[in-house]
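Me: Can you walk me through this one? I'd like some orientation before I start asking about details.

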Amino acid sequence: MFRRYSIQLILVVGGGLLTYVAYEELLNLYTLSVLMFMGVNIILSTSLNLVNGNMGEFSCGHAGFMCVGAYVSSILGVWLFTKDKVFGAPILDPEWALYAFPFIILAGGVAAALAGLLVAIPSYKTRGDYLAIITIAANYIVISAIENIGSIGGSRGFMGMKKVVNAMGDVVDLPWMPIWVFIFTIFCVWIIRRYVSSTFGKGVNAICQDEVAAEIMSVNTNKIKTVTFMLSSGLAGIGGGLFAYIIGYVNPGSFNILKSTEVLVMVYLGGMASLSGAVLSAVIFTIMLEALRPLQIIKWVVIPLLLIIVMQFRPEGIMGNKELSDIFPWMKRFYRFK
Amino acid sequence: MLVAIFQNIINALQWGSFYALIALGYTLVYGVLTLINFAHGDIFMVGAYIAFFVATFFLTTVGVPGWVALALTIPLTMILTSMVGVALERVAYRPLRRKGANRLYVVITALMCGLILQNANLALLGASRKAFPSMITEHVYNVGGVIFTDLKIAVIVTTILSFFALQKIVTKTKVGMAMRAISYDKFAVPLMGVPIDNIIVVTFVLGSGMAGLAGILFAMSYPILDPYMGALIGWKAFIAAVVGGIGDIRGAFLGGFLLGAVEIMVVAFFPSTFRDLIAFTVLLVILAFRPTGLFGVAKTTKI
């Protein structure tokens, strides 16, 4: 009985432990923020893995959707709950901030999913490397558009999200940001897992194997592409929203093509189409980024070098396209869902 | 009005020349290996830096007159830059190709190589920008109100000449025939006795040499060098190559000039911050109507 629900138990205990540790300040703020970035990176890499790994397209503009989500959710939060120079007095009582926060983040996700249409619609006809270009162009277009909207700060950036976070803390005195990041990370991994293993989601893998054959087998490829792109970019938007609230400041420059490259690296380090690989590599990559911080500028020589060496000796990434439970079959006894 | 149009056309041709030269390198490597060589923009940056060191060496240490220095710098830079490109191929891409790794892993390796080139440069030479020494004095001409320098004309002419040279190599010589053959069928060609690795090295030499040439010309036109200059231009040149139809050198050439023209026109009529927004929207629309670029041929998929 306990065995079957062990994953749920582990998650509840883990979340409780994280909350307790953050509440009692057993971990310093730096470690806590690294943990939160780890959560955001897990969201980003698993969601990109859905498109690049499972569907077999080559999307390299993921940070653009993250940018949309980050801006929409931070503007919503600041507009609704804080006194701001641009938006004036708060619309709602700041006491509501806690309850509205998940909806704000989800709204960012929905906006990013709509931005995902920018890529999804051309993908009906365009394939392969031409689609890669469209994603890069979409990334540039999003950043450039936000840079040109002066009322939300343009390229100077947008801030004020810390006040919303503080307003949440005033309602119930708990470390809310780690809790929300934890919940949303679990939510994203869960939703991707459910989507890929659903009957509809089998079509995603079918498109990866052979698009023409899939279409002949009555898979509605356009519909699947639209849904998958929108889901992937929507989840990236959620990740972006959380990222904005963790830092308390967003500017378009931090969502440029380099950020997309980082996410790409996480996906291919983990192994294509492997959900547990994407999670694992996001964790490893975040730790590596922080562990090598003392090297300063040489860090960005060492990390690519390490990755090139990994690629030379294990060209399929850490997990290949297997899941953790394929390598350790005993793990399957500990959960009931597929 | 007419003057402004001609002025913008000259500016667009010059600005598009850089994109065209870099896009030629992208498209050559892509045509042969179907590998998006994302390190290519950074090879362009390395080219500009090599040109900087070679030119300073000739001007200050040896002390030859400017035009001699220029005549020596151009071939030397092209050779050194192509050595960088070949080194990348040898160290990073070839082992992966031998292992038969998925194409996208090679692309990620290329991205990483680009990052290494950028940041190693930053770590070795510091973040301060370098000023490129002037080797020849520019003359400014004014023909009926249209202002241009001889350097601008030289850039445009060099680009067009190198395009025709490349076109000649690819379509008329034996090496070019082998290159086209590899892009047609990678498995049958070695059976015909074509040394596939040598041909790929030649491809990288040609592509990186073009990037080196673009580096010199860029450094002479805009004499400030910084380690991140290659990243943005590289991505945009890749986009230009794809809009032209990647794998086709005519496409890369035209795509480069098209992107240059769009960017210059946007700056001429809108605030300059709109440049990326409008330029990329135009490209997106082009790709939406011609999904394989201007010159690309749609591949028929066999079932």
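Reply: Helices are DSSP runs of H or I with at least four residues, strands are runs of E with at least two, and both are numbered from the N terminus. This is a predicted model, where local features need pLDDT of at least 70, side-chain atom pairs count only at pLDDT 80 or more, and totals for chains, interfaces and linings use all residues. Residues are numbered from 1 along each chain as its sequence is written, while chains are lettered from A and ligands numbered from 1 in the order in which they are written.

Me: OK, where does B:R290 lie?

Reply: B:R290 is in the segment after α11 (275-289) of chain B.

Me: And what does B:R290 count as, by C-beta neighbours?

Reply: Partly exposed, because B:R290 has 17 C-beta neighbours inside 10 Å. The cut-offs go by other C-beta atoms within 10 Å, placed from the backbone: 20 or more is buried, 12 or fewer is exposed, and in between is partly exposed. Also, B:R290 and B:G245 are 45 residues apart along the chain, with 9.4 Å between their C-alpha atoms.

Me: Switching to the two chains: how many residues of chain A are in contact with chain B?

Reply: 34 residues of chain A, touching 37 residues of chain B. Contact means that the C-beta atoms, placed from the backbone, lie within 7 Å.

Me: Which helix gives the most to chain A's side?

Reply: That's α5(A), with 11 residues. At least two residues each come from α5 (128-147), α9 (211-216), α11 (257-270) and α13 (299-313) of chain A.

Me: What's the make-up of that side by class?

Reply: Chain A's side has 26 nonpolar, 5 polar and 3 charged residues. Nonpolar covers Ala, Val, Leu, Ile, Met, Phe, Trp, Tyr, Cys and Pro, charged covers Asp, Glu, Lys and Arg, and the others, Gly among them, are polar.

Me: How do α5(A) and α11(B) pack?

Reply: Their axes are 9 Å apart, at an angle of about 150°. Axes are lines fitted to C-alpha atoms, for helices over the stretch in contact, and angles run from 0 to 180 degrees between N-to-C directions. So α5(A) and α11(B) are roughly antiparallel. Under 35 degrees is roughly parallel, over 145 roughly antiparallel, 65 to 115 roughly perpendicular and the rest oblique.

Me: Left-handed or right-handed crossing?

Reply: The crossing of α5(A) and α11(B) is left-handed. That label applies if the near helix is turned anticlockwise from the far one by less than a right angle, and right-handed if clockwise. The contact residues include A:Y130, A:I133 and A:Y140 of α5(A), and B:F280, B:L284 and B:L287 of α11(B). By class, there are 12 nonpolar, 2 polar and 1 charged residues in that contact.

Me: Now within chain B, how do the axes of α2 and α9 cross?

Reply: Helix α2 (residues 40-62) and helix α9 (residues 229-244) of chain B cross at roughly 135°, with axes coming within 7 Å. The pair is therefore oblique, and the crossing of α2(B) and α9(B) is right-handed. Among the residues making the contact are B:F44 and B:M45 of α2(B), with B:I233 and B:W235 of α9(B). The class count there is 8 nonpolar, 4 polar and 1 charged residues.

Me: What about strands β2 and β3 of chain B, which sense do they pair in?

Reply: Antiparallel: β2 (residues 140-143) and β3 (residues 146-149) of chain B pair over 4 bridges. Pairing takes at least two DSSP bridges. B:I147 is the bridge partner of B:N142, and B:T149 is that of B:V140. The hairpin has 2 residues between the strands, and B:G144 takes a positive phi near 60° there.

Me: Which residue other than glycine has a positive phi near 65°?

Reply: A:S218, in the loop between α9 and α10 (221-247) of chain A. A:S218 counts as exposed because it has 7 C-beta neighbours inside 10 Å. In chain B, B:T34 has a positive phi of about 45° without being a glycine. The loop between α1 (2-33) and α2 of chain B holds B:T34. For context, most residues other than glycine have a negative phi.

Me: Last one: buried or exposed for B:A188?

Reply: Exposed, because 11 other C-beta atoms lie within 10 Å of B:A188. B:A188 is found in helix α7 (residues 188-191) of chain B.
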